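This briefing is meant to be read with the sequence and the coordinates at hand. Please look first at the display below, and then follow the topics in turn.

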Amino acid sequence: MYLDKEQTDILNGSQGDTMAKIMKTLVMYGETFEADKLIPITSEEGHLVTSFGINVMDPYYEMFESLLQAGVKSKQSFTVDPSPMDMGNVPASPIQKLVFKILYKNQKRYDDQLKRMGIKGEDMYTCTCYMDEVGNIPDYGDILSWAESSAVVYANSVLGARCNRNSAIIEMFGSIIGYVPNFGLTTDEGRKATWIIDINADKLPEAQVLGSAIGLKVMEDVPYIRGLDKFLGNDLTQEVKDYLKDMGAATASNGAVGLYHVEGITPEAKKLNDALIAKDAKTYLIDEKELLRVQESYPCIWKDPKAKPKLAFIGCPHLSLLQLKDWSNKIDAELRSRGREKVSVPTVLTSSVPVINEFKKTEEYQILISTGAKLSYICPLMYLSNPLCSKMPIITNSNKLRTYTTAKYYRDDQLLDILGKEIG
Amino acid sequence: MREFKGRVVVPGTVTATALVSRQGFNTLASFKKALLAKKLDAPCSDQDNKDIYEKPMAKKALCLPKTIGSTTGGIVLYCASEMGASPACLLFSESIDSLAAAGAILSDIWTSTSMPTVDRLGQEFLDYVKEGMRITIKENGIVEVD
């Protein structure tokens, strides 16, 4: 891999031993993936995936401390994935709370380390850092050093930025050095689609199931999706961006998709059209039957598959302001239609603090609160890392949450039905 | 004895006993309990992985197709190395994935534990190798299986 003089000097210790080790790590990582060179990060801000001070990763926090002690700091401010705990807003028994405190015993220490390393602000813990209210929004063509699969796939696909699916630590090292290895999704060739996804459905497919079907089929490849513009139009409105956010998160978690193109909608597809499709690309046809097959293939790993749900999570990835308003109205309408006032299952909607703060200024906030649902900035995945919580029958409309935890997936309409009906 | 040729990701030579995961190796799920309880023999805690569930992973030649699961996988391997509970080496039949690569490289550069790593050994390697076989990694990505 070619290194210019500045990069070679850093590798040889011109900026100290710690920077040399960081550079060596990036060079070895790049050479493993046959990168030709290091390219400068052009985005204003980074995004780190590790937000939690979990007790199983003591050596990680030790390494973080050693970096700080050596005077190393990120060259760019950054946002971080959501917090693992929110004792005030998410239901938890005293014993569950105690386990949270033990499980995340390094949290305060790590929050402090993130502050010293250069986090954008105390409220900057979210997986949807690209929302307007949070403001970590890369430009088209920007080179990023991000991790968090759902954020990376969104930045690549919807914003047209360029970022590989990085591991934790590697993304921080990139932000410290200011460069990333050039391979895969940062190259034109690596952004070509090797799969064509043809959608033949009567109505707009559920984003989370469609993303799941695509991810399970193409795994880490790049898909070119045809037939969605019929339902979504050609403009990237907030509603369309939200749909793509949820679909993309499912492609990235059910498979390992880092970039997708949607014909007539996403920026590169609009610009390059079919030229984005690689020669010999395979085709996958998705119709109503296929979507149903995929949803029915999800196993239920609850001890008692017929157990009454004890908690519902909506918002993995974190919800947008529009989605918060929309869910408030939908839950309210569902309850009214049944002559009920409160949701039948404790329900938590999750979003970032800046989005929640904006939401609190809207009339829908009062509507949501009146239904008994709660708002939180937590990461539902981290909530379910608590072994006592993972034993609970938890339901969700998130395919990512379903994939990584014991939570049971329901489509939006199914979830609303459960929240609205009497549970005996 | 058979010899296989792969690509060196992290250099080094070592001899160890084979532990074989024929399915994607979920790094976080596999090391979670070992890290939590500080078990230095690192019994695999991934109950979905029937090949190696509850078997000690530390100091073994871990043979696998690739790793899967959480993006914390790289840090988990690093943490296991730092506490002395990592495999002796990693042997991938497929091309290494970015999370495992990060873990192997971080271990090499940031800890005193060497975990030589070779990838692209091919499906034939994974079909041939059995648990308990003696494996030697030599220079240049040559892997001997006894």
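Two strands are said to pair if DSSP finds at least two bridges between them, and helices (H or I, at least four residues) and strands (E, at least two) are DSSP runs that are numbered from the N terminus. The model is predicted, local features need pLDDT of at least 70 and side-chain atom pairs count only at pLDDT 80 or more, whereas totals for chains, interfaces and linings use all residues. Residues are numbered from 1 along each chain as its sequence is written, while chains are lettered from A and ligands numbered from 1 in the order in which they are written.

**A parallel sheet in chain A**
- Four strands of chain A form an open sheet with parallel pairing, in the order β7-β6-β5-β8.
- The edges of this sheet are β7 (261-262) and β8 (277-287) of chain A, each of which pairs on one side only.
- β6(A) and β7(A) pair in the parallel sense over 2 bridges, and Y224(A) has H261(A) in β7(A) as its bridge partner.

**Backbone features**
- The peptide bond from C316(A) to P317(A) is cis, with omega near 5 degrees, and P317(A) is placed in strand β9 (residues 311-319) of chain A.
- M219(A), although not a glycine, has a positive phi of about 55 degrees, and this residue lies in the loop between α8 (207-218) and β6 (223-226) of chain A.
- A residue is called buried if 20 or more other C-beta atoms lie within 10 Å of its own, exposed if 12 or fewer, and partly exposed in between, with C-beta atoms placed from the backbone; M219(A) is partly exposed, with 13 other C-beta atoms within 10 Å.
- N140(B) is likewise not a glycine and has a positive phi of about 60 degrees; its place is in the loop between β9 (134-137) and β10 (142-145) of chain B, where N140(B) is exposed, with 11 other C-beta atoms within 10 Å.

**The nonpolar core**
- A nonpolar core is a set of buried Ala, Val, Leu, Ile, Met, Phe, Trp, Tyr and Cys residues joined through C-beta atoms within 7 Å.
- The largest such core has 180 residues, and the members that touch the most others are A155(A), F313(A), C79(B), A80(B), L91(B) and A104(B).
- Contact between two residues means that their C-beta atoms, placed from the backbone, lie within 7 Å; leaving aside residues up to four places away in sequence, F313(A) touches V348(A), T350(A), P380(A), I394(A), T396(A), S398(A), L401(A) and A407(A).

**Chain B as a whole**
- Chain B has 4 helices and 10 strands, which run from the N terminus as β-β-β-β-α-β-β-α-β-α-β-α-β-β.
- Of the 146 residues of chain B, 53% count as buried, and the C-alpha atoms of this chain fill a box of roughly 40 × 30 × 25 Å along the principal axes.
- Of the contacts in chain B with a separation of 6 or more, 78% join residues 24 or more positions apart.

**The contact between the chains**
- Chain B gives 23 residues to the contact and chain A gives 24 residues.
- On the side of chain B that touches chain A, the elements giving two or more residues are α1 (27-37), α2 (73-82) and α3 (98-110) of chain B, and the largest share, 8 residues, comes from α3(B).
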